[in-house]
Amino acid sequence: MLDNQQSNPTSTAINADIIKDSNSTPVTYQQIQSIIADDFEIMDKQVYGSLSSKVKLVMSVSQHVINAGGKRMRPLISLLCSRICNDQPSQAAMHLGAITEMLHTATLVHDDVIDESGMRRGKPTANATWDNATAVLVGDYLIARSFNLLVGFGSLPLLQLFSDGTCDIAEGEVLQLQHQHDPQATEADYMKIIDGKTSRLFMMASQGVAILENRPEYNDAFAKFGQHFGNAFQIIDDVLDFVGDSKVLGKNVGDDIAEGKPTLPLIKALEMTTGDTHEKLRIAIQTGQVNDTHEIIEIVKTSGALAYCRDKAMQESEIARQAVLTLPDSRYRQGLLDLITLASQRLY
């Protein structure tokens, strides 16, 4: 349990199916990936093979950020969705997965510049290794290259999905910047931010496959899964900023406070506190200057905000799960369900 507050019994009942196996041996990411191991290996090579520039610096920086690792979760989702549509290898889906990962990498490069991050996943960021200007321009190249490759599919609906989605991602990032160090930010503001900066790319990774494979009957289920899984994923990440392991997170616990990010735990903690604790939290968010980070973290923990966020994440996970359950039963559908469970189990 994240804190000592009691969670909503109704939402706990709703979420029982998601966490029912949390006390048994949990499924691992590697086990989910193994379902489409051959497809995944080919896709992973395409991530590197899709890079093409006559400028050596572009290639060096691009390879650096892609080599930084990552679980390739978005392309994994694309591959599982492709197999749900048609249980045979799809070179087009593998290619789309590689493009989605390239776009995701570009957003991380830009995030690191905005956040002035020196490390990501335990390795130096591009902006720290070179400089901000180089990192931004290479991030721009990765986005441009992604769309260059998307044109090759010859699908205007697919191109429309990705162009609209990329605009939403950029708007989400700008909205987050607009609300940086803003104690007046609301939960509605937060949901708009994460819908753009996080959930949209998950949605593109899943819904794009329905377009690519010409399976309109799966369009709504894939889109709803991507959006709500992405929402849950980001809320869980933001909760773990207060209770997680720094080594696992790849950043210091409490970093979101210093960066002034309007995350749901901070927004709800402000709503749930009064007096001196409320004022300390408000000043910490507004200035990013915290004399005692542990004190602020403790305020958030004891406010009841984390219990609220946990239930919110589980509700989003349940919507994603219900969308997946409308799809034909298969081990690939089970892979999507296991991803939801795996994400949710990080809270416990």
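Where is asparagine 214 found? Asparagine 214 sits in the loop between α11 and α12 (219–243), where helices (H or I, at least four residues) are DSSP runs numbered from the N terminus. The model described here is predicted, so local features are reported only at pLDDT of at least 70 and side-chain atom pairs only at pLDDT 80 or more, while totals for chains, interfaces and linings use all residues. Residues are numbered from 1 along each chain as its sequence is written, and side-chain values use heavy atoms, with hydrogens and water left out.

Asparagine 214 is not a glycine, yet its phi is positive, at about 55°. With a relative accessible area of 63%, asparagine 214 is exposed; here buried means under 20% relative accessible area, exposed over 50%, and partly exposed in between (1.4 Å probe, protein chains only). Arginine 72 is another non-glycine residue with a positive phi, in this case about 60°. Arginine 72 belongs to the loop between α5 (56–67) and α6, and its relative accessible area of 6% makes it buried.

Helix α6 (residues 73–85) in turn meets helix α4 (residues 37–49): their axes come within 10 Å and cross at roughly 135°. Axes are lines fitted to C-alpha atoms, for helices over the stretch in contact, and angles run from 0 to 180 degrees between N-to-C directions. The two helices α4 and α6 are therefore oblique to each other, given that angles under 35 degrees count as roughly parallel, over 145 as roughly antiparallel, 65 to 115 as roughly perpendicular and the rest as oblique. On the α4 side the contact (heavy atoms within 4.5 Å) involves Asp39, Phe40 and Met43, and on the α6 side Pro75, Leu76, Leu79 and Arg83.

Turning to helix α11 (residues 187–212), glutamine 207 is one of its residues. Glutamine 207 counts as buried, at 11% relative accessibility. Leaving aside residues up to four places away in sequence, glutamine 207 touches Leu161, Asn219, Phe222 and Ala223.

Finally, helix α19 (residues 331–344) has 14 residues and spans 20 Å from its first C-alpha to its last, close to the expected 20 Å at 1.5 Å a residue; the expected span is 1.5 Å times one less than the number of residues. Because 11 of its 14 residues are buried, α19 is largely enclosed by the rest of the structure. Among the buried residues of α19 are Tyr332, Arg333, Asp338 and Ile340.
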